[in-house]
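Reader: I am new to this structure and would be grateful for a close look at one part of it. Please begin with a single loop and then relate it to the rest of the chain.

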Amino acid sequence: QVQLVESGGGSVQAGGSLKLSCAASLPKASVNCMGWFRQAPGKERERVATIYRRGDRGYYTYYADSLRVRFTISQDNAMNTVYLQMNSLKPEATAMYYCAAGLAPFRGTGPSGADFRYWGQGTQVTVSS
């Protein structure tokens, strides 16, 4: 059974931190990348960070340009769990955060949204000023 379960969302004041977790139950042969996306009300879905397993070469990480300094994506146990550490949060980070998984070719810019076949239900992050 394919399953992605996010946790760790909540409410925090500006400047605070949150760590999101995504527990994955997936067919390994169908997945080589995982990522975090977010969508705020009235806005398009945005790629936050992705992590890509490139065979024996290890894991590559990719970030939205505006977030790479404050956000960190990591994985554990061959992407059974993926994390998103978010520091120095700003009110504009308020959104529903989704974990996703998929299969993608290697690109210098990382996986695109279209590469992600499996999606979690989301976890809400609210940052107050």
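Author: In this predicted model, Ala78 is placed in the loop that runs between strand E7 (71-76) and strand E8 (81-86). The phi of Ala78 is near 55°, a positive value in a residue other than glycine. With 38% relative accessibility, Ala78 counts as partly exposed, because that class lies between the limits of 20% and 50%.

A further loop, between E8 and E9, holds Ser88. Although Ser88 is not a glycine, its phi is positive, at about 50°. Ser88 has a relative accessible area of 39% and is partly exposed.

E7 and E8 each supply at least two residues of the largest nonpolar core, a set of 32 residues. Each of E3, strand E4 (33-39), strand E5 (46-53), E9 and strand E11 (123-128) likewise supplies at least two. Within this core, the residues that touch the most other members are Leu4, Met34, Trp36, Leu84, Met86 and Tyr97. In general, nonpolar side chains in soluble globular proteins tend to be buried together.

The cysteines complete the picture. A search of the whole structure finds one disulfide. Its partners are Cys22 and Cys99, whose sulfur atoms are 2.0 Å apart. The pair links distant parts of the chain, with Cys22 in strand E3 (residues 18-25) and Cys99 in strand E9 (residues 95-102), 77 residues apart. The torsion about the S-S bond of Cys22 and Cys99 is about -80°, and the disulfide is therefore left-handed. Cys22 and Cys99 are both buried.

Cys33, by contrast, is in no disulfide. The nearest cysteine sulfur to Cys33 belongs to Cys99 and is 11 Å away, whereas a disulfide requires sulfur atoms within 2.5 Å. Cys33 has 0% relative accessibility and so counts as buried.

Technical notes: Residues numbered from 1 in each chain as written. Predicted model: local features only at pLDDT ≥ 70, side-chain atom pairs only at ≥ 80, totals over all residues. Heavy atoms only, no water. Helix = DSSP H or I, 4+ residues; strand = E, 2+ residues; numbered from the N terminus. Buried < 20%, exposed > 50% of the residue type's maximum accessible area, 1.4 Å probe, protein only. Core = buried A, V, L, I, M, F, W, Y, C linked by side-chain atoms within 4.5 Å.
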